[in-house]
Amino acid sequence: MSVQKVLQNLKTLKKWQIPNPHLHPKAKIADTIINTLLVSHTPTTTVLSNLNPSLVHLILSDPHINTPKCLDFFNFLLINQSLITFKIGVETHLNLVCRLVKERYFEDAENLLVLVPKIETFRCPFAVVASFFENHNVPSKISSKIFNLLLKDLSDNRKFQEVLEIFMYMRLNAIEINERTCTVHLIKLLKCDQIALALVFLYQMVESGIQVSVFSLTVLVDGLCKNGEIKKARELVEEMLSKGVKPNIITWNTLVDSCAKRWNFEEMEKVLALMKRENVDLNAETYKFLVDGFLSSGKIDDAERLILEMYVKGFKVDIHLYNLMIKGYCRLGNTERALSLFRQMIEKDICPNVDTYSVLVKCLCDVGQVSSVKELVDKMVGQGVELDGTMFDILIDCYFKAGMIEEAVNVVALMEKRGFIADMSVYELIIDGLLKLDRTEEAISWLTPLIKRGVSRQRLATILLVDRLRNSASEKLVRKHREKENSFDTSFYSDTISLWLGKQDEDAHSSEMMNISEVENEQGLSGKVVKISLKCQRVAKLG
């Protein structure tokens, strides 16, 4: 259809827009078409039905129409594809992408490329896309940018074979490949656990003459190490060294850390030897990884040798390393050496933290040196180090094992005062400990916190105190009856019931007890005692 016919149809529209008077005469038609379509609230079928591929191409390639307006027009056509009589072709699509890249609308260009797999007309072989750039003499900078954007998009969508295809095409046609785009692709491959593909891609990068960054190398070394392939990672570093790619200290530390964590000391020796050959000095982080690895594997002497080496080289040995050393000696049961290191810390003005004290206190508790524990805790508090939940748990456990119930009770009280909540098992231990000291009334008072925290009847029934109360209930009631003769005091029974059943059942059970106490005199005391004893046993069994 001719342009004149399109204009004739446009004149019939009520919302026909007046074109920009400053536009080139040939651009006024295009501008009028775009304005008419974009301003209409509903698709203008008359205009759409008269559009054809040639006219759309002319509009989108007209340099006098601003690029954002062209993009809006193109998106409008995509949305209303069903209302036009033709399919938007690959050439039209890529022409607009090239225009966007040329005018540095990179984000819009990438978004348009993202639509590639989502529109039916663009599901074409890569050869068709490649031929467009070959046949249209697209400037190298623009084609390079577009291919790199396409490579990134395919990588994001996990189309890894297609990425390799594009990469090889770019390499063969001398299209500049962005190293950063390749690094992003390597990271994506590693995230998808495609280690083998990542290695292949890195070697392709090297063979293509791309200046492989140390970051790309480190990313792949880290991926191999996390996958347990430390030997392969070390061999990769050696190969890259031969190709002129020098790893940095982060790369070396990645290898050292992996060897230390896996106790792979054979590979560690090879890595350290390689570092020495390349004149790479160990830094503080390297020493930390080595010390941690030696200590966790029980090689305490090697760890201490490294600490001394750090001092000789002028490195600052921080609290973290001292804590690791102290923990290592404690693990071996060498309390004396652990305390010696603790004193050494203080002499070197390194302030112990709560982790230091926690390790030492636990170590002393394990060997039964409770008096030393008390001294250490006093020193800790004196230095302003706050006790945390872990420390409270260690102290409570220590005092219970040593049979120091009073000290354990004091620690629990302090713990709650500081806002920490003790585990229910702690209360049970306190109750059990107080019973062993024949402090039954005090033990009963410790049931209250358990009940307030909603402990189940089943759990209460497992506590030794409940059995003891059940067995002693009848005897106490009998004594009270004999003392008061004509009066039958049920307060002890009621209090006991409320403690282990909870406040909600107190009134009902107290009422039952009063009914029992009012049994007629002729039934005699023995009848009351029997019924009370049975009642106590029934309540205890409710758990």
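Reader: What does the side-chain oxygen of Asn-52 reach at the start of H4?

Author: In this predicted model, a side-chain oxygen of Asn-52 comes to within 3.1 Å of the backbone nitrogen of Ser-54, at the start of H4. The cut-off for a polar contact is 3.5 Å between N or O atoms, so a pair within 3.1 Å meets that distance.

Reader: Which residues of helix H4 are buried?

Author: Helix H4 spans residues 53-61, and Leu-55, Val-56, Ile-59 and Leu-60 are buried in it.

Reader: Which exposed residues does the face of H4 turned away from its buried side carry?

Author: Ser-54 and Leu-58 are the exposed residues on that face.

Reader: Why is Thr-67 called buried?

Author: Thr-67 lies in helix H5, residues 67-79. Its relative accessibility is 2%, and buried means under 20%, so Thr-67 counts as buried.

Reader: What makes the pair Thr-67 and Glu-103 a polar contact?

Author: The side chains of Thr-67 and Glu-103 are joined at 2.5 Å. The limit is 3.5 Å, so the distance of 2.5 Å qualifies.

Reader: Why is Arg-104 called exposed?

Author: Its relative accessible area is 63%, and exposed means over 50%, so the term applies to Arg-104.

Reader: What is the phi of Asn-279, and where does Asn-279 lie?

Author: Asn-279 is not a glycine, yet has a positive phi of about 55°. The residue lies in the loop between helix H16 (265-277) and helix H17 (284-296). With a relative accessible area of 67%, Asn-279 is exposed.

Reader: How many salt bridges does a search of the whole structure find?

Author: The search finds 18 salt bridges. One of them is formed by Arg-171 and Glu-207.

Reader: What makes Arg-171 and Glu-207 a salt bridge?

Author: Their closest N and O atoms are 3.9 Å apart. The cut-off is 4 Å between a side-chain nitrogen of Lys or Arg and a carboxyl oxygen of Asp or Glu, so the pair at 3.9 Å passes. This pair links distant parts of the chain, with Arg-171 in helix H10 and Glu-207 in helix H12, 36 residues apart.

Reader: Why is Arg-171 called partly exposed?

Author: Arg-171 has 31% relative accessibility. That value falls between the cut-offs of 20% and 50%, so Arg-171 counts as partly exposed. Glu-207, with a relative accessible area of 54%, is exposed.

Reader: How do you know that Arg-305 and Asp-302 are separated by about one helical turn?

Author: Arg-305 and Asp-302 are three residues apart in helix H18 (residues 300-312), so about one helical turn separates them. Their side chains meet in a salt bridge of 3.9 Å, N to O. Arg-305 is partly exposed at 42% relative accessibility, and Asp-302 is partly exposed with a relative accessible area of 27%.

Reader: Which residues do salt bridges that share partners join into one network?

Author: Asp-302, Arg-305, Glu-309 and Lys-313 form that network.

Reader: How many cavities of 30 Å³ or more are found, and which residues line the largest cavity?

Author: The whole structure has five such cavities, and the largest cavity has a volume of about 50 Å³. Its lining consists of Phe-160, Val-163, Leu-164, His-185, Leu-189, Leu-197 and Phe-201. H10 gives the largest share of that lining, three residues. By class, the lining has six nonpolar, one polar and no charged residues.

Conventions: Residues are numbered from 1 along each chain as its sequence is written. This is a predicted model: local features need pLDDT of at least 70, side-chain atom pairs count only at pLDDT 80 or more; totals for chains, interfaces and linings use all residues. Side-chain values use heavy atoms; hydrogens and water are left out. On a 1 Å grid over the protein atoms alone, a cavity is a set of points where a 1.4 Å probe fits but cannot get out, and a pocket is an open set with protein on both sides within 12 Å along at least five of seven lines; lining residues have an atom within 4 Å of a point. Grid points are joined across faces, edges and corners, and a volume is the space filled by probe spheres set on the points. Helices (H or I, at least four residues) and strands (E, at least two) are DSSP runs, numbered from the N terminus. Ala, Val, Leu, Ile, Met, Phe, Trp, Tyr, Cys and Pro count as nonpolar, Asp, Glu, Lys and Arg as charged, and the others, Gly among them, as polar. Buried means under 20% relative accessible area, exposed over 50%, partly exposed in between (1.4 Å probe, protein chains only). A polar contact is a pair of N or O atoms within 3.5 Å; within protein, one must be able to donate a hydrogen and the other to accept it, and residues adjacent in sequence count only if both atoms are side-chain atoms.
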